[in-house]
Protein chains: 2
Amino acid sequence: MRVAGTPHRTIALARDGWSVEVIDQTALPHRFELIRLTSSAEAARAIRDMVVRGAPLIGATAAYGMALALRDDPTDRCLYAAARALVATRPTAVNLGRAVRAMLDHLRAVSPRQRVAAAYARAGALCEEDVAANRALGGHGLAILRGLAERNGGGPVNVLTHCNAGWLATVDWGTALAPVYLAAREGVPVHVWVTETRPRNQGALTAWELSHEGVPHTFTVDNAAGHLMRLGKVDVVLVGTDRTTAAGDVCNKIGTYLLAAAARDNHLPFYAAVPGPSIDWETDDSAAIPIEERQAREVTHVAGLDGDERAATVRVAPDGTPIANFGFDITPARLVTGLITERGVAGASREGLRGLYPDGA
Amino acid sequence: MRVAGTPHRTIALARDGWSVEVIDQTALPHRFELIRLTSSAEAARAIRDMVVRGAPLIGATAAYGMALALRDDPTDRCLYAAARALVATRPTAVNLGRAVRAMLDHLRAVSPRQRVAAAYARAGALCEEDVAANRALGGHGLAILRGLAERNGGGPVNVLTHCNAGWLATVDWGTALAPVYLAAREGVPVHVWVTETRPRNQGALTAWELSHEGVPHTFTVDNAAGHLMRLGKVDVVLVGTDRTTAAGDVCNKIGTYLLAAAARDNHLPFYAAVPGPSIDWETDDSAAIPIEERQAREVTHVAGLDGDERAATVRVAPDGTPIANFGFDITPARLVTGLITERGVAGASREGLRGLYPDGA
């Protein structure tokens with residue numbers, strides 16, 4: 001998607017042909033900066049510190065992290081050590097483990113001498129698959145937005161989204177925002193309500209993305225979502241996912257479940273954009289998903305720009321207050337209108353998902 | 001309630017016997033500072049700038065604002081001008097208009113020569129009435145918490161509250177927190193989940209209050225509330241109100257409705273603490289309540305302490321992002337388990353409220 005008019009991806013090989021360039025998402029929305037990853041450890045750190053974030057992009061970064069590891073040492077020992085280290089960076093998203101496994105499956109059959117080239121090729125292919133899948137997913141979501149626009153007599157469709165499931169969370173296009181970008185390009189009028197998404201305020205990334213693509217949007221605190229629904233200012237809730245169970249329960253950024261409960265109370269459709277790689281075929285019971293608990297400082301401190309436009313952090317909670325900081329929550333399938341995948345829109349159920357993915361895991 | 005072991009109220013006559021001392025709530029939770037109000041204009045500014053906040057405390061401050069106005073000029077002209085100016089400071093809470101009206105009704109029958117003394121006396125009485133009502137309300141809420149503690153086999157009752165409906169929002173005791181303070185004093189085990197309450201983070205005030213009273217609590221982002229409910233970590237949601245309609249719809253801090261929708265989805269009780277003066281007997285239709293829309297800066301900028309413990313503000317949203325900032329939302333009566341008043345617990349309906357307040361408006 002575009003940044004100041006220029007098309008970008010979130011991750012790409014640098015001009016040197018081996019190091020990996022990513023957008024530093026901790027600097028956004030205030031500064032647009034690229035960071036070069038030159039080792040597997042740097043890739044792991046970028047994932048852990050959320051320099052890169054979003055389930056699909058984490059997977060892509062881990063894949064390139066494997067390639068960087070093999071560049072230093074193409075042996076089996078290094079291959080498996082890198083895989084372990086990368087998988088351990090973040091626990092909730094399923095794409096991460098899947099991307100690393102795909103790399104492992106591919107590379108263990110390749111002789112160490114050819115592994116580096118094979119790893120770069122496979123990582124690049126995973127990125128292209130992500131772009132193609134998101135574009136396809138966007139097309140299926142676009143049909144939903146088109147239908148809502150017709151129901152509104154051609155008036156704008158008000159989409160409410162949470163966190164950032166835009167192109168910054170993927171290699172390109174995004175998941176929940178892919179239908180929105182397609183709608184904007186095809187002339188379907190759309191307006192996006194962007195929730196701030198405390199504690200890490202990834203809504204600011206969404207607002208930044210939308211403004212660079214010229215999509216009308218309004219930014220609010222998370223608390224406003226229910227009021228907007230009650231006022232009739234929301235037509236559809238559209239979010240991403242970090243992991244969706246085989247039964248259709250959607251694990252996504254903390255706060256998503258509140259939106260789903262309110263959408264149900266207002267008889268509004270609630271869709272999750274679910275690329276195939278984020279489906280956890282091995283888990284039926286969402287209670288088995290490890291919900292990441294992150295450090296208290298994310299809650300007690302807020303980062304932004306000070307009056308001189310310099311990066312700064314302020315403490316907002318009383319000193320020493322006990323904190324709980326869950327990164328994700330579960331929206332049960334019964335509250336989900338549909339799962340938008342690259343293969344079509346599935347019902348939020350085992351049967352619905354199996355209908356589109358008979359091959360499954 | 002206690003601050004560092006010393007009992008305090010949020011508003012009181014200063015030692016000079018005429019100026020009014022309030023706690024500067026914009027400095028909390030980081031600094032505890034008193035501000036002297038010496039004119040009606042200063043009282044109005046304190047309300048508008050949220051130096052004082054919370055529906056009951058706003059009413060008390062406006063009452064003293066009338067007294068300060070008459071001190072400068074006890075004529076009818078000044079009486080009515082001060083009333084108009086004070087009522088115009090904030091639109092949503094009903095206590096404000098009610099306190100000013102109570103003062104007007106009382107003072108217009110008093111000769112200008114005696115008005116100053118009468119105004120101070122009436123304002124003081126309104127404050128005492130608030131304290132007594134909150135204490136009584138707390139007793140009725142305590143019975144609910146006691147019942148939940150018994151159901152938990154004597155284990156702690158997990159209360160989730162939003163914003164600050166504690167003693168800082170009133171003259172003393174608080175509304176939603178009055179039952180909690182009574183429970184703590186009477187040995188009923190209680191733990192409070194405190195939501196941050198963006199955009200103004202009044203949850204920090206609640207955490208500050210609870211810590212000074214020694215009540216166990218945990219602070220979270222607003223987004224976490226639904227997840228906590230789903231985990232079984234919440235027994236009851238207990239919030240305040242700025243205005244409750246005659247039909248039992250609860251207008252409260254933005255985000256309250258999301259909590260109510262999630263509570264319903266989890267079959268959890270949702271109570272609002274509703275002192276009589278916050279009931280709007282003239283309004284059946286909650287859509288008629290003016291919902292305050294506040295400045296964008298409350299959303300785009302976050303205030304706190306910098307690394308040197310100095311007050312600082314950071315911008316969190318991209319520059320120029322369009323913002324919506326509604327201060328309140330409506331929780332429909334159908335989602336409310338009960339309204340805890342100083343006269344008992346009413347069903348959230350016209351009949352329920354009339355049962356306790358046959359005299360009504």
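Reader: Which surface do the copies meet through?
Author: The same one. 100% of the interface residues of chain B are also interface residues in chain A, so the copies meet through the same surface. This is a predicted model: local features need pLDDT of at least 70, side-chain atom pairs count only at pLDDT 80 or more, and totals for chains, interfaces and linings use all residues. Residues are numbered from 1 along each chain as its sequence is written, chains are lettered from A in the order in which they are written, and side-chain values use heavy atoms, without hydrogens and water.

Reader: How many residues does the contact take from chain B and chain A?
Author: 60 residues from chain B and 60 residues from chain A. Contact means heavy atoms within 4.5 Å.

Reader: What area is buried between chain B and chain A?
Author: About 4,800 Å². Carbon and sulfur atoms give 62% of that. Buried area is the accessible area (1.4 Å probe) that two parts lose on being put together, summed over both.

Reader: Salt bridges. How many between chain B and chain A?
Author: Six. The rule is a side-chain nitrogen of Lys or Arg within 4 Å of a carboxyl oxygen of Asp or Glu.

Reader: Which residue does Glu196(B) form a salt bridge with?
Author: Arg198(A). Their closest N and O atoms are 2.4 Å apart.
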